[in-house]
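Have a look at the model first, and then we can walk through it together.

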Amino acid sequence: MSFIDHLEALRWHIIRAAIAVLVFALAAFLAKDFLFHDLILGPSRSDFWTYRMFCKLGQMLNAPALCMDKVGFVIQNRQMSGQLTMHISTSFIVGLVLGFPYLFWELWRFISPGLYPHERANSRGAVFFVSILFIFGLLFGYFIAAPMSINFLAGYVLDPTVENQFDLQSYLSTLTTMTLSCAFVFELPMVVFFLAKAGLITPEIMRLYRKHAIVVILVIAAIITPPDVSSQIIVTLPILLLYELSINIARVVRRKDVDRLNAQLAENHGQV
């Protein structure tokens, strides 16, 4: 294919991906009550699933402090067109999130024809694992990281006479940042997989620079979380586990590459 033909193929992949995002965004826009009342504003109410689970845990551990009877803030809108604008922008973000697996699949369909047969075989299942990790990260961010951060910020007061009245945009920004950041951070094992396949990283390098990686992970957790230690720890722990998992992934990738190389050498030696 010529360069123009590649651009034409890429254009149709982008068009199909954009249509999928628009379809999901339209569905989210029409499901306004569920989208905002049940999904987005869920962490702002004391009956949210995460808070109820923590309350049950507190009852088991005899720690009543884990129960949250009421939220310590009020969400308000101060702009005439604020709610309409937020409805449209949020629907588009939800469309991107729901359409992410299809987006990656279209990207993979464009890239995979340019790979060698063994590269395509070794990368089989990439779309599935990328989508699964994205969903796990999304759920972790929505049910764990975001509610803990919102709960901390809502309960932090300088003086009892000062009320927390958060703007709708500020609340949505915190929820979206925490949730999407966790979703993309959970892609670390797949990033390491492709880097290991390209020979750019090895398990020995990852073990050697483990201490440096911990510092970087702490910095990343501090950036994507509010300035409280509990939220930072909650985000840091799964990233550390993913880093250790990535070391094993890099080890498996190298072992398979070595086995394939040995098999090729044995085959060539037999032909000689």
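Does Phe-100 count as buried or exposed? Phe-100 counts as buried, because its relative accessibility is 16%; buried means under 20% relative accessible area, exposed over 50%, and partly exposed in between (1.4 Å probe, protein chains only). Please keep in mind that this is a predicted model, where local features need pLDDT of at least 70 and side-chain atom pairs count only at pLDDT 80 or more, while totals for chains, interfaces and linings use all residues. Residues are numbered from 1 along each chain as its sequence is written, and side-chain values use heavy atoms, with hydrogens and water left out.

**Aromatic pairs**

- The count comes to 15 aromatic pairs, with rings of Phe, Tyr and Trp (its six-membered ring) pairing if their centres lie within 6.5 Å; planes under 30 degrees apart count as stacked, over 60 as edge-to-face and the rest as tilted.
- One of these pairs is edge-to-face: Phe-100 and Phe-184, at 6.0 Å centre to centre with 85 degrees between the planes.
- Phe-100 belongs to helix α4 (residues 82-111) and Phe-184 to helix α7 (residues 168-185), so this pair ties together parts that are 84 residues apart in sequence. Helices here are DSSP runs (H or I, at least four residues), numbered from the N terminus.
- Phe-184 is partly exposed, with 49% relative accessible area.
- Tyr-102 and Trp-105 make a tilted pair, with 5.6 Å centre to centre and 45 degrees between the planes.
- Tyr-102 and Trp-105 are separated by about one helical turn, because they are three residues apart in helix α4.
- Tyr-102 is partly exposed at a relative accessible area of 27%, and Trp-105 counts as partly exposed at 37% relative accessibility.
- One aromatic cluster is formed by Phe-48, Trp-49, Tyr-51, Tyr-142 and Phe-143.

**Salt bridges**

- Six salt bridges are found in the structure, each being a side-chain nitrogen of Lys or Arg within 4 Å of a carboxyl oxygen of Asp or Glu.
- In helix α4, Glu-106 and Arg-109 lie three residues apart, about one turn of the helix, and they form a salt bridge whose closest N and O atoms are 3.5 Å apart.
- Glu-106 counts as buried at 1% relative accessibility, whereas Arg-109 counts as partly exposed at 35%.
- Glu-244 and Arg-210 also form a salt bridge, with their closest N and O atoms 2.9 Å apart.
- That pair links distant parts of the chain, with Glu-244 in helix α11 and Arg-210 in helix α10 (residues 210-224), 34 residues apart.
- Glu-244 is partly exposed at 33% relative accessible area, and Arg-210 counts as partly exposed at 28% relative accessibility.
- Arg-45 and Asp-47 meet through their side chains in a salt bridge of 3.6 Å, N to O.

**Positive patch**

- Arg-207, Arg-251, Arg-255 and Lys-256 form a positive surface patch. Patches are made of residues with over 30% relative accessible area and no salt bridge, with like charges joined within 9 Å; Lys and Arg count as positive.
- Helix α11 (residues 229-271) gives the most to this patch, with three residues.
- Arg-251 sits in helix α11 and counts as partly exposed at 34% relative accessibility.

Terms used. Patches are made of residues with over 30% relative accessible area and no salt bridge: like charges are joined within 9 Å, nonpolar side chains (Val, Leu, Ile, Met, Phe, Trp, Tyr) within 5 Å. Accessible areas come from the Shrake-Rupley method with a 1.4 Å probe; for residues, only the protein chains shown count as cover. The place of a charge is taken as NZ of Lys, CZ of Arg, CG of Asp or CD of Glu. Helices (H or I, at least four residues) and strands (E, at least two) are DSSP runs, numbered from the N terminus.
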